[in-house]
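User: I am new to this structure. Please take me through a few of its helices and contacts.

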Amino acid sequence: MRLLVDANVPGAEACFGPLGELVRMPGREIAPADLRDVDALVIRSITRVDEALLAEASRLRFVGTCTIGTDHVDTRALAERGIAFASAPGCNAEAVVDYVLGSLLTLAERQGWRLAERRVGIVGVGNVGGRLLARLSVMGIACLACDPPRAEVEGREGFEKLETLIGECDVLCLHTPLVRDGPHATHHLLDAQRLAELSPGTLLLNAGRGDCIDGQALRQRLAGQGDISAVLDVWEGEPGIDPALRDLAQIATPHIAGHSLDGKLRGTHQIYAALCRHLGLPARLGLDELLPAPPVTRIALDGGLEAEEALRLCLRTVYDVRRDHDSLRRESYRLGMARGFDACRANYPLRRELSTLSLELGPKAQALAPWLQGAGLNVA
Ligand SMILES: NC(=O)C1=CN([C@@H]2O[C@H](COP(=O)(O)OP(=O)(O)OC[C@H]3O[C@@H](n4cnc5c(N)ncnc54)[C@H](O)[C@@H]3O)[C@@H](O)[C@H]2O)C=CC1
Ligand SMILES: O=C(O)C(=O)[C@H](O)COP(=O)(O)O
């Protein structure tokens, strides 16, 4: 069996090597001719799998994406050809929540506010939004949730309209998939009109898909009135994103919100397990065998910090979102936008999830235990 695997899929040799001949390629460069003799294709979000890519893929029987999002895959075209498909739901959701909390606490520090004073609106309450809602709620942060597809199935209780979130929240977090049509389409979900309705002082964060916001309208809103802030991890036209929008966003990162090593290896392992099932083989390799020990495992706090400061400190021990903001600026100036954007992602430094950190609290810090545990730390 011949497997073609994106060069940015970690753990591929250990997982897929024993199953057949492994070929690695940068995901954006995979072309129809590369699939001629390939039986299984393993990708991330940057390889568009459509009719054109499949034109010469007569041997292809399995496509797996080690990502949550699937908008880059024409699943109907695969089904029509009898090609099995698998994605990795939830694999990097914890990493995205770490990113969101790290970004909010960074802006709170820069702009002089506290998370406790803010009401957070979460749009898209699935694996990512649901975990974010759970963590913020245990931390006592007021939240409103909007998820019309879930409300339709589960009932409206606990869900609000997008207009309510826009009118009542200080922070709006977008965690929706990109859906181009149908009753719950998300393409330009935040269009010029909805962006205009955001109250002054609102913080808008997008870690879903870039096309869920009208980027040109957001640029105009940020540049024109300068009264809202934006944290953007995803963009229209990646990797050649709008440099003006990059400069206007308070935090601008190159689609790395989910890029913890834990999240990426979970994604690889989920696709490995799906491919083994497809082949009727046992998945012999466990996820634990892929994950290395984290470089920092314990941190001790003795008091003198209030809860949000303590969380900011712990988060920055495992992951500092400012590093990714700085590297996008630096690399996009050095190499040009598209090459710089992709270079940050290809050379992404080691990042572990907050849950890999155990926290020891001295007697004076014990009162913080439930709040910090709710935020995602293991409190010893
Ligand atoms: N920036 C990054 O690195 C990452 C981005 N993502 C993106 O975030 C998206 C969400 O991820 P998950 O939570 O894991 O996906 P999920 O599929 O578990 O949840 C998505 C939720 O959005 C809801 N939704 C769909 N249409 C909606 C609409 N019009 N308005 C409000 N809610 C709507 C769905 O009902 C669902 O509950 C992914 O589809 C992916 O595109 C995911 C992981 C990493
Ligand atoms: O899981 C998803 O969906 C994502 O957006 C991924 O975190 C993106 O990973 P890459 O494909 O950009 O490596």
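User: Is Val96 buried or exposed?

Analyst: This is a predicted model, where local features need pLDDT of at least 70, side-chain atom pairs count only at pLDDT 80 or more, and totals for chains, interfaces and linings use all residues. Residues are numbered from 1 along each chain as its sequence is written, while chains are lettered from A and ligands numbered from 1 in the order in which they are written. A residue is buried if 20 or more other C-beta atoms, placed from the backbone, lie within 10 Å of its own, exposed if 12 or fewer, and partly exposed in between. Val96 has 26 C-beta neighbours inside 10 Å, so Val96 counts as buried.

User: Which residues is Val96 in contact with, leaving aside its neighbours within four places in sequence?

Analyst: Val96 has its place in helix α4. Helices are DSSP runs (H or I, at least four residues), as are strands (E, at least two), numbered from the N terminus. Contact means C-beta atoms, placed from the backbone, within 7 Å. By that rule the partners of Val96 are Val128, Ala207, Ala257 and Gly258.

User: How far apart are the C-alpha atoms of Val96 and Asp233?

Analyst: Along the chain, Val96 and Asp233 are 137 residues apart. Their C-alpha atoms are separated by 10.0 Å.

User: At what angle do the axes of α4 and α5 cross?

Analyst: Axes are lines fitted to C-alpha atoms, for helices over the stretch in contact, and angles run from 0 to 180 degrees between N-to-C directions. Helix α4 covers residues 93-111 and helix α5 residues 127-138. Their axes come within 9 Å and cross at roughly 55°.

User: Why is α4 called oblique to α5?

Analyst: Under 35 degrees counts as roughly parallel, over 145 as roughly antiparallel, 65 to 115 as roughly perpendicular, and the rest as oblique. The axes cross at roughly 55°. That makes α4, relative to α5, oblique.

User: Which residues of α5 make the contact with α4?

Analyst: From α4 come Ala93, Glu94, Val96, Val97 and Val100. From α5 come Asn127, Val128, Arg131, Leu132 and Arg135.

User: What are the buried residues of α13?

Analyst: Helix α13 covers residues 307-318. What covers its buried residues includes α4, β12 and α16. The buried residues themselves are Ala307, Ala310, Leu311, Arg312, Leu315 and Val318.

Definitions and conventions
Two residues are in contact if their C-beta atoms, placed from the backbone, lie within 7 Å. The expected span of a helix is 1.5 Å times one less than its number of residues.
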